[in-house]
Amino acid sequence: MWNITGNDEEQNESLLDEELDGLCSLSPTQRIYGFAACLIAGLVCMLLSMVVFARPIKFALLFTFGNLLAVGSTAFLLGPAKQYRMMFDPVRVFATAIYLGCVVIALICALWIHSKLLTIIAIIIEIGALIWYSLSYIPFARRMVSELMIRLFDTEL
């Protein structure tokens, strides 16, 4: 984007503010390494959770921890404050709230209630909420998925 007026000062200040978004001591390379490490650790936890699938409580703990690591990994790239702002943007505030609520419910079902059935249900809803939350970052993705589901499951002929 070109600035015709020649007043680059405001644009440079906003870029600097974004760079200083809580991770100012990390270089861009360190941010990428942090992102990759956190994402890989999250994916490893999610894959390991499949090994203990027969034990829903251990599965819920590993899977949920892996989810949180994977979602939180983007904070290395964006900075925690910008990640927080993006998560609670009006476009995705409900998806974020449902996802975080499902994470909490899954952990409560696994750690305090010790109900395998409730834990499995909470994890299934958590996966759906994570998918819906992730789709909010892709333009028109949620609308396309909604229309597809309506077409697939429409009972009217």
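1. Burial. Of the 157 residues of the protein chain, 29% count as buried. Buried means under 20% relative accessible area, exposed means over 50%, and partly exposed is in between, with a 1.4 Å probe and protein chains only. Some ground rules apply: this is a predicted model, in which local features need pLDDT of at least 70 and side-chain atom pairs count only at pLDDT 80 or more, while totals for chains, interfaces and linings use all residues. Residues are numbered from 1 along each chain as its sequence is written, and side-chain values use heavy atoms, with hydrogens and water left out.

2. Overall make-up. The protein chain has eight helices and zero strands. Read from the N terminus, the order of elements is α-α-α-α-α-α-α-α.

3. Contacts along the chain. Take the contacts between residues at least 6 apart in sequence: 61% of them join residues at least 24 apart. A contact means heavy atoms within 4.5 Å.

4. Helices α3 and α7. Helix α3 covers residues 56-72 and helix α7 covers residues 116-135. Their axes lie 9 Å apart, at an angle of about 20 degrees. That makes α3 roughly parallel to α7. Axes are lines fitted to C-alpha atoms, for helices over the stretch in contact, and angles run from 0 to 180 degrees between N-to-C directions. Under 35 degrees counts as roughly parallel, over 145 as roughly antiparallel, 65 to 115 as roughly perpendicular, and the rest as oblique. The crossing of α3 past α7 is left-handed. In a left-handed crossing the near helix is turned anticlockwise from the far one by less than a right angle; clockwise makes it right-handed.

5. Who meets whom. From α3 come P56, F59, A60, F63, T64, N67 and V71. From α7 come K116, T119, I120, I123, E126, I127, L130 and Y133. The residues of this contact divide into 10 nonpolar, three polar and two charged. Nonpolar covers Ala, Val, Leu, Ile, Met, Phe, Trp, Tyr, Cys and Pro; charged covers Asp, Glu, Lys and Arg; the others, Gly among them, are polar.

6. Aromatic rings. Rings of Phe, Tyr and Trp (its six-membered ring) pair if their centres lie within 6.5 Å; planes under 30 degrees apart are stacked, over 60 edge-to-face, and the rest tilted. By this rule there are five aromatic pairs. In one of them, the rings of Y99 and Y133 have centres 6.1 Å apart and planes at 15 degrees, so the pair is stacked. This pair links distant parts of the chain: Y99 is in helix α6 (residues 93-113), Y133 is in helix α7, and 34 residues separate them. Both Y99 and Y133 are buried. Ring pairs also link F53, F59 and F63 into a cluster.

7. Y133 again. The rings of Y133 and Y137 have centres 5.4 Å apart and planes at 80 degrees, so this pair is edge-to-face. Y137 has 32%, so Y137 counts as partly exposed.

8. T96 sits in helix α6. T96 is buried, at 0% relative accessibility. Leaving aside neighbours within four places in sequence, T96 is in contact with M87, F88 and Y133. A95 also lies in α6. A95 is buried, at 5%. With neighbours within four places again set aside, A95 is in contact with W132, Y133 and R142. A95 and W132 are 37 residues apart in sequence, yet 6.5 Å apart in space, C-alpha to C-alpha.

9. R142. The place of R142 is helix α8 (residues 141-153). Buried or exposed? At 18% relative accessibility, R142 counts as buried. Not counting residues up to four places away, R142 touches V91, R92, A95, W132, L135 and S136. The C-alpha atoms of R142 and I131 are separated by 9.7 Å, and the two are 11 residues apart along the chain.

10. Two loop residues to check. H114 lies in the loop between α6 and α7. Its phi is near 60 degrees, a positive value in a residue other than glycine. H114 counts as exposed, at 51% relative accessibility. F140 lies in the loop between α7 and α8. The phi of F140 is near 65 degrees, again positive in a residue other than glycine. F140 is exposed, with a relative accessible area of 56%.

Key:
Helices (H or I, at least four residues) and strands (E, at least two) are DSSP runs, numbered from the N terminus.
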